[in-house]
Amino acid sequence: MMKHLLKNHLLLHQQNQQKNNRLRKISVSFLLLLMANLAIAREPENLAIVKHNLVKYHDSGAYMNDIANVIQKALRYLELRVKRGDFQGKPAIVMDIDETALSNYPDLLALNFGGTKAEVQRYEDMGHDDAIPSTLKLFRFAREHHIAVIFITARFAEERKITEENLHKAGYTGFDGLIFRDGKYRTLPAAIYKAETRKQLEQQGYDILLNIGDQKSDLQGGYADESFKLPNPYYFTP
Ligand SMILES: [Mg+2]
């Protein structure tokens with residue numbers, strides 16, 4: 001009888017504990033949900049202030065300085081790889097173009113960090129973008145050390161001529177590849193297009209030592225030994 005009572009007591013205790021655990025889980029989920037809702041419900045920063053800060057970030061020199069710091073790390077890494085010479089094929093680096101090799105900042109400012117697709121395109125088609133100086137330094141280092149430089153851009157194939165001319169004018173001469181978004185990739189996210197293109201390059205015998213871009217979509221999906229993310233608070237490319 002005593003044994004039976006003890007067994008019942010233990011069972012009840014276990015059931016209570018399971019109930020408590022369930023309740024605890026529910027309250028944690030509720031709390032997380034509440035926190036997420038609060039984060040969304042809070043009034044976002046005023047757009048005029050955001051734009052003011054975007055200009056300040058550029059004009060103070062902080063933007064180019066942040067870029068230079070990342071490029072410095074990329075350079076140091078590349079120097080190390082060159083010194084070790086441990087390539088798995090033809091050594092290469094992959095670079096993005098907009099806000100990585102070339103700066104569109106004057107255009108972004110002229111459009112007040114907005115503009116329609118057609119307006120953005122019209123500025124891009126002027127082909128007057130300046131080089132980002134530290135990226136050009138990295139480009140030249142790679143060229144001097146016989147490392148192939150391949151640009152993978154989300155620009156469309158019809159922009160080839162103007163882009164090529166712009167790159168040359170900005171000082172990027174003697175690159176090994178310039179790949180544009182075309183065919184099935186025109187409608188796929190940039191991240192998929194870029195990762196699959198790097199995969200194809202590796203299949204062609206390249207060892208991509210590093211990949212550099214200003215968007216996460218430039219770098220996601222692997223097929224590079226190292227990735228370097230440059231700052232870009234001005235726009236987002238999925
Ligand atoms: Mg870019």
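These are my notebook entries on a predicted model of one protein chain.

**Entry 1: Overview**

I started with the whole chain. I found 9 helices and 7 strands. The chain has 238 residues, and buried residues make up 38% of them.

**Entry 2: The magnesium ion**

Which residues coordinate the magnesium ion? I listed Asp-96 (OD), Asp-98 (O) and Asp-214 (OD), at 2.0 to 2.1 Å. Along the chain these donors follow the spacing D-x1-D-x115-D. I then checked where two of them sit. Asp-98 is in the loop between strand S1 (90-95) and strand S2 (102-103). Asp-214 is in the loop between strand S6 (206-213) and helix H9 (216-219). The pair therefore ties together parts that are 116 residues apart in sequence.

Are these two buried or exposed? I used the cut-off for buried, which is under 20% relative accessible area. Asp-98 has 11%, so Asp-98 is buried. Asp-214 has 2%, so Asp-214 is buried too.

I also looked at Glu-99, found in the loop between S1 and S2. Its phi is near 65°, a positive value in a residue other than glycine. Glu-99 is buried, with a relative accessible area of 1%.

**Entry 3: Helix H3**

I tested the length of H3, residues 62-84. At 1.5 Å a residue, its 23 residues should span 33 Å. The end C-alpha atoms are 33 Å apart, so the two values agree.

Then I listed the buried residues of H3. They are Tyr-63, Ile-67, Val-70, Ile-71, Ala-74, Leu-75, Tyr-77, Leu-78 and Arg-81. An α-helix has 3.6 residues a turn, so residues three or four places apart point the same way.

What covers the buried residues of H3? The cover includes helix H2 (47-59), S1, helix H6 (133-144), S6 and strand S7 (226-229). Just after H3, Gly-85 takes a positive phi of about 60°.

**Entry 4: Helix H6**

I repeated the length test on H6. Its 12 residues should span 16 Å at 1.5 Å a residue. The end C-alpha atoms are 17 Å apart, which agrees. The buried residues of H6 are Ser-134, Thr-135, Leu-136, Leu-138, Phe-139, Phe-141 and Ala-142. They pack against H3, S1, strand S3 (130-131), S4, helix H7 (160-170) and S6. H6 is followed by His-146, whose phi is positive, near 60°.

**Entry 5: The cores**

In soluble globular proteins, nonpolar side chains tend to be buried together. I looked for such groups here. The largest nonpolar core has 40 residues. Among those with the most contacts inside this core are Leu-78, Ile-93, Leu-138 and Leu-210. H3 gives the largest share of the core, 8 residues.

I picked Ile-93 and set aside its neighbours within four places in sequence. Ile-93 is in contact with Leu-78, Leu-138, Ala-142, Ile-147, Ala-148, Val-149, Ile-150 and Leu-210. There is also a second, separate core of 10 residues. Ala-148, Ile-152, Tyr-185 and Tyr-193 are included in this second core.

**Entry 6: The largest pocket**

How many residues line the largest pocket? I read off 35, of which Val-120, Glu-124, Arg-181, Tyr-235 and Thr-237 lie nearest its centre. The volume of this pocket is about 920 Å³. Helix H5 (117-124) supplies at least two lining residues, as do helix H4 (105-110), strand S4 (148-156), helix H8 (190-203) and H9. The largest share, 5 residues, comes from H5.

**Entry 7: Two single residues**

Phe-156 is found in strand S4. Phe-156 is partly exposed, with a relative accessible area of 25%. I checked its distance to Arg-181. Not counting residues up to four places away in sequence, Phe-156 touches Phe-180, Arg-181 and Arg-186.

Last, I looked up Tyr-223, found in the loop between H9 and S7. Its phi is near 60°, a positive value in a residue other than glycine. At 35% relative accessibility, Tyr-223 counts as partly exposed.

Technical notes
Residues are numbered from 1 along each chain as its sequence is written. This is a predicted model: local features need pLDDT of at least 70, side-chain atom pairs count only at pLDDT 80 or more; totals for chains, interfaces and linings use all residues. Side-chain values use heavy atoms; hydrogens and water are left out. Donors are N, O and S atoms within 2.8 Å of the metal (3.2 Å for Na, K and Ca); water is not among the atoms, so sites may look incomplete. Helices (H or I, at least four residues) and strands (E, at least two) are DSSP runs, numbered from the N terminus. Buried means under 20% relative accessible area, exposed over 50%, partly exposed in between (1.4 Å probe, protein chains only). The expected span of a helix is 1.5 Å times one less than its number of residues. Contact means heavy atoms within 4.5 Å. A nonpolar core is a set of buried Ala, Val, Leu, Ile, Met, Phe, Trp, Tyr and Cys residues joined through side-chain atoms within 4.5 Å. On a 1 Å grid over the protein atoms alone, a cavity is a set of points where a 1.4 Å probe fits but cannot get out, and a pocket is an open set with protein on both sides within 12 Å along at least five of seven lines; lining residues have an atom within 4 Å of a point. Grid points are joined across faces, edges and corners, and a volume is the space filled by probe spheres set on the points.
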